[in-house]
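Colleague: Please walk me through this model. I will ask about the fold, then about a pocket.

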Amino acid sequence: MDYRTKEEQVADYLRERILSGVYPRGSRLKQAEIAEQLHLSITPVREALKLLVAEGYIGGDSYRGARVADFDAAATGEILQLRLLLETQLVRACAERVTARDIAELRQLADEFAAAFRAGDRATARGINYRLHRRMYDIAQLPQTLHFVQILWARYPFDLINAAQNRGQGAVEEHEEILQALTTGDSAGAMLAMRRHIESGWTVLKAVQPN
C-alpha cells in the first residue's frame with residue numbers, strides 16, 4: 001500500500017521524469033496535461049508543483065506553465081561532496097534495515113534497469129534508475145536526509161550523465177556491488193560501493209563537460 005498523499009505521488013512521478021530527462025531542462029510543465037496523464041484533478045498536481053518549486057526542480061514565478069530548472073554548473077562539485085556524505089549515510093541505514101523482501105524488490109529494479117539498457121531503451125533505464133535509488137533510500141527511514149538529497153538531485157546534471165554512451169554498463173555493475181553488500185548486511189561495503197557509484201557518474205560528467 002502506498003501511504004503517500006496524492007501530491008507526494010505526483011511530485012515523485014515528476015522528479016523521476018525530470019531526472020531521467022523525459023522533461024528536459026528548461027521545458028514547460030503544464031498542470032492540465034499532467035493531470036490528464038495521471039487521471040487526477042488539478043489540485044494535487046498544483047500542490048506537487050509547489051513542492052518541486054521549493055526543492056528547486058522547477059523555476060518560475062507562476063505554477064501555470066512552470067519550467068524545469070537548469071542545474072547549477074558552478075555548484076556541481078560542491079553538490080557532489082554533499083551527495084557523497086548524505087547518500088552513503090542513507091545506504092548505510094538501508095543495509096541495517098533491509099529485509100529479504102526489500103532485497104527482492106531492489107533486485108527486480110536492478111534487473112529491469114539492466115534489461116532496459118541492453119535493449120537500448122535509455123529513457124526507460126533512467127526512470128528505473130531513479131526508482132531503484134529512491135526505493136533504497138526509502139528503506140533507510142531517514143526522511144530528513146532523503147529530503148535534502150532530493151534537493152541536491154534537483155541541482156545535479158543526471159540527464160547529462162545518464163545520456164553518456166559509456167555510462168550504462170558501468171552503472172549495471174555498480175548496482176550489483178551495492179546489492180551484494182546489502183544482501184550480506186555489509187554496511188561499510190554498501191557505503192563504499194555507493195561512493196564509487198556516485199564518483200563514477202562524476203567521472204563521466206567531467207568527460208562530457210571537461211570545462
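**Fold and pocket**

Modeller: Along the sequence the pattern runs α-β-α-α-β-β-α-α-α-α-α-α-α. The model is predicted, so local features need pLDDT of at least 70 and side-chain atom pairs pLDDT 80 or more, while totals for chains, interfaces and linings use all residues. Residues are numbered from 1 along each chain as its sequence is written, and side-chain values use heavy atoms, without hydrogens and water.

Colleague: How many helices and strands does the protein have?

Modeller: Both are DSSP runs, numbered from the N terminus: helices are H or I, at least four residues, and strands are E, at least two. The count is ten helices and three strands.

Colleague: What percentage of the 211 residues is buried?

Modeller: Buried means under 20% relative accessible area (1.4 Å probe, protein chains only). Of the 211 residues, the buried share is 48%.

Colleague: How much space lies in the second largest pocket?

Modeller: A pocket is an open set of points on a 1 Å grid over the protein atoms alone, where a 1.4 Å probe fits, with protein on both sides within 12 Å along at least five of seven lines. Volume is the space filled by probe spheres set on the points. For the second largest pocket that gives about 360 Å³.

Colleague: Which helix gives the largest share of its lining?

Modeller: Lining residues have an atom within 4 Å of a point. There are 15, and those closest to the centre are Glu-8, Arg-15, Arg-134, Leu-146 and Gln-150. H1 (6-19), H3 (42-55), H6 (122-140) and H7 (143-154) each supply at least two lining residues. The largest share, four residues, comes from H7.

Notes: Buried means under 20% relative accessible area, exposed over 50%, partly exposed in between (1.4 Å probe, protein chains only).
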